[in-house]
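This report is meant for a reader meeting the structure for the first time, and it moves from a single residue to the contact between two chains.

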2 protein chains.
Amino acid sequence: MALEHALLVALSERPAAGLELARRFDRSIGFFWSATHQQIYKVLRRMEDDGWVTAQTIEQSGRPEKREYTVTDVGHKVLADWISTTTPRAGFRSEIAVKMRAASYGDRDALLANIAELIADHRVRQGHYETMSARDYPEPQQLAGHELDTYLVLRGGILQETFWIAWLTEYLEAHA
Amino acid sequence: MALEHALLVALSERPAAGLELARRFDRSIGFFWSATHQQIYKVLRRMEDDGWVTAQTIEQSGRPEKREYTVTDVGHKVLADWISTTTPRAGFRSEIAVKMRAASYGDRDALLANIAELIADHRVRQGHYETMSARDYPEPQQLAGHELDTYLVLRGGILQETFWIAWLTEYLEAHA
DNA sequence: CCTTACATGTAATCCGTTACATGATTAG
DNA sequence: CTAATCATGTAACGGATTACATGTAAGG
């Protein structure tokens, strides 16, 4: 029950149509709350029915029409209320953790190869985040308000990748 | 599509009935793959239908009967095959990250209070893991095989909590 | 007497993924 | 000529949560 709210955040930052939101999700918020376009369309319709957003149909030359969504006063209130409700600690789910524990019941070398790949993946992703951070927030100390928030969320991505690299590396080295 | 496999791991370690599995999940594997008893019962039935496990009804004096499940040869093969398939990088989903980004559209102080609570939560949980680690694995260097695996998964829990504490604290301090 | 623990389940609902569909335009 | 891009969607399915149901026995 939070894709709605993630969409309200994205649309508060800037009104957009479904596909554009899907693309934006792939680049920023989606790092922490992924969603496919199908799901986004479905949820946007429901949000419109509930009066959280309004849609404006925009004609485009040589392209299909798009429906651009804007957050209503109701939507802004829903978002503000949601921010004030307490979020409980998130449950952590990891398939690779289950496999780590299961390694003695299967091919450990295959698992170690899988883990080595994952480490490489996480390094790439961490590099990606760091590039974004250096490019978009060269002077973090100067930031405030919404910009400071987006920066700190990106920092979370970097720290999260650091965690993965550390843990997976520890597993690899213990079995080296 | 992995609760089945988590159950195969748990049942490979030791045969058990549904409720006992639910309890075990709350204490060990469940830290990384949570499940309610309802769901566990449903999945166990399906696994039995598929021949991955067999059930033995056990009468108990003064208590309801229980169905104890054991992994079959087929089940062991399914588990081994699954371990050899590659697991992709897990998508990270965080409601609090969405709220961090949304803070300027609502009551930031309420969010900061929420985050302070979360930090306390994560500290408690980290302490819990560390106690388990010190108690069950006093000499990690000596470990091998399945025990080493369970230790390293627990280490993952500790590192994960470290990540949360670091990130949330960074957010708090940036807004202090 | 009331509550908790034991033990297994059904039903409703929700959230999300995957596959498929349409139809026009632009790039190679 | 083919593939990709823009833009919006439907349909089917599966995983998971929440609420509810049953019945016995021990503990306070």
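## From one residue to the interface

In this predicted model, Ile29(B) lies in the loop of chain B that runs between α2 (18-27) and α3 (37-49). Ile29(B) counts as buried because its relative accessible area is 6%, which is under 20%. Apart from neighbours within four places in sequence, Ile29(B) touches residues that include Ala6(B), Val9(B) and Glu13(B), as well as Arg101(A) from the other chain. Two of these contact partners, Glu13(B) and Arg101(A), are themselves joined through their side chains by a salt bridge of 2.8 Å, N to O.

Among the elements that give two or more residues to the side of chain B that touches chain A are α1 (3-13) and α6 (108-136), and the largest share, 17 residues, comes from α7(B). The classes on that side are as follows.

| Class of residue | Side of chain B that touches chain A |
|---|---|
| Nonpolar | 33 residues |
| Polar | 18 residues |

Together the chains bury about 6,400 Å², of which 62% is on carbon and sulfur atoms. In chain B, the residues that lose the most area to chain A are Arg89(B), Arg101(B) and Tyr105(B).

Chain B is superposed on chain A by a rotation of 180° with 0.0 Å of shift along the axis, at an RMSD of 0.1 Å, and this is the relation of a two-fold axis. The C-alpha of Phe163(B) is the nearest to that axis in chain B, at 3.2 Å.

Technical notes:
Residues are numbered from 1 along each chain as its sequence is written. Chains are lettered from A and ligands numbered from 1 in the order in which they are written. This is a predicted model: local features need pLDDT of at least 70, side-chain atom pairs count only at pLDDT 80 or more; totals for chains, interfaces and linings use all residues. Side-chain values use heavy atoms; hydrogens and water are left out. Helices (H or I, at least four residues) and strands (E, at least two) are DSSP runs, numbered from the N terminus. Buried means under 20% relative accessible area, exposed over 50%, partly exposed in between (1.4 Å probe, protein chains only). Contact means heavy atoms within 4.5 Å. Copies are superposed by least squares on the C-alpha atoms of residues with pLDDT of at least 70 in both. Buried area is the accessible area (1.4 Å probe) that two parts lose on being put together, summed over both. A salt bridge is a side-chain nitrogen of Lys or Arg within 4 Å of a carboxyl oxygen of Asp or Glu. Ala, Val, Leu, Ile, Met, Phe, Trp, Tyr, Cys and Pro count as nonpolar, Asp, Glu, Lys and Arg as charged, and the others, Gly among them, as polar.
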